Amino acid sequence: MKLHYALSSPYVRKVMLVAHECGLSDRIELLPTTPQTIIDDVSSENPLGQIPTLITDEGIALYDSNVIAEYLDDLGKGGLLPASGPDRWRVLKQQSLGQGMINAANLRYNETRRPEGEMSPAWIAKKDNELHRTFDALDAMARTGKLSDNADLGTLTIACAIAYAELRWPEGAWDTGRSILAAWYKKFSARPSMLATAP
Ligand SMILES: N[C@@H](CCC(=O)N[C@@H](CS)C(=O)NCC(=O)O)C(=O)O
């Protein structure tokens, strides 16, 4: 398999976390790309011109990170997504929450890098609120035992999102007043997959 990737992408990290958890990371050949070359490198296989884009051993291009994560889990029989029942919907819902956090932190960061005058402080504040609300919801989940210590597509995405928010949104000070969530994240971050993929 081949993966179009860049180390800075949180979506790529999520896919690599799943690959490590499924024992598949050694089977992935990494094809580096950059913002300057991404269209030339990727768009013939992914018209969205985005990473991660995975090329399977059969030559099929897969995107986005959620689809690639499910593919790797299926291939590696990682057991990261329950087949049916309430647990499946809990994991998928938590994956959506983590994915939404990554989107918010990523869009916010990109906005802050726009030239003065093109940047919208109101829009940045909206993303700040989104992130704070989500962190509060995660803290409540951690307090009520709804955030598992086990790796699944939900918890891996959430851990990836927290790491990315910590990196790109330090002014958010997400762990202030959220000690139970901070303890959950500290423990989860010690997983070999988290250590192996740290940016
Ligand atoms: N929904 C996609 C988002 C992927 C995405 O936005 N990737 C960024 C890198 S962090 C990208 O490729 N940006 C280039 C662009 O959109 O032009 C996923 O989950 O994979």
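**How do we know? Reading a predicted model**

In this predicted model, take the contacts between residues at least 6 apart in sequence: 67% of them join residues at least 24 apart.

Q: How many disulfides does the protein have, and how do you know?
A: The count is zero. A disulfide is a covalent bond between the sulfur atoms of two cysteines. To be counted, the sulfur atoms must lie within 2.5 Å. The sulfur of Cys-22 has its closest cysteine sulfur in Cys-160, and that one is 15 Å away, so they're too far apart for a bond.

Q: Which elements make up the protein, and in what order?
A: There are eight helices and four strands. From the N terminus on, they go β-α-β-α-β-β-α-α-α-α-α-α.

Q: What makes the protein as compact as a globular protein of that length?
A: The globule rule gives 16 Å for 199 residues, and the radius of gyration here is 17 Å, which is close, so the description holds. As for the box that the C-alpha atoms fill, it's roughly 50 × 45 × 30 Å along the principal axes.

Terms used
Residues numbered from 1 in each chain as written. Predicted model: local features only at pLDDT ≥ 70, side-chain atom pairs only at ≥ 80, totals over all residues. Heavy atoms only, no water. Helix = DSSP H or I, 4+ residues; strand = E, 2+ residues; numbered from the N terminus. Rg over C-alpha atoms; globule rule 2.2 N^0.38 Å. Contact = heavy atoms within 4.5 Å.
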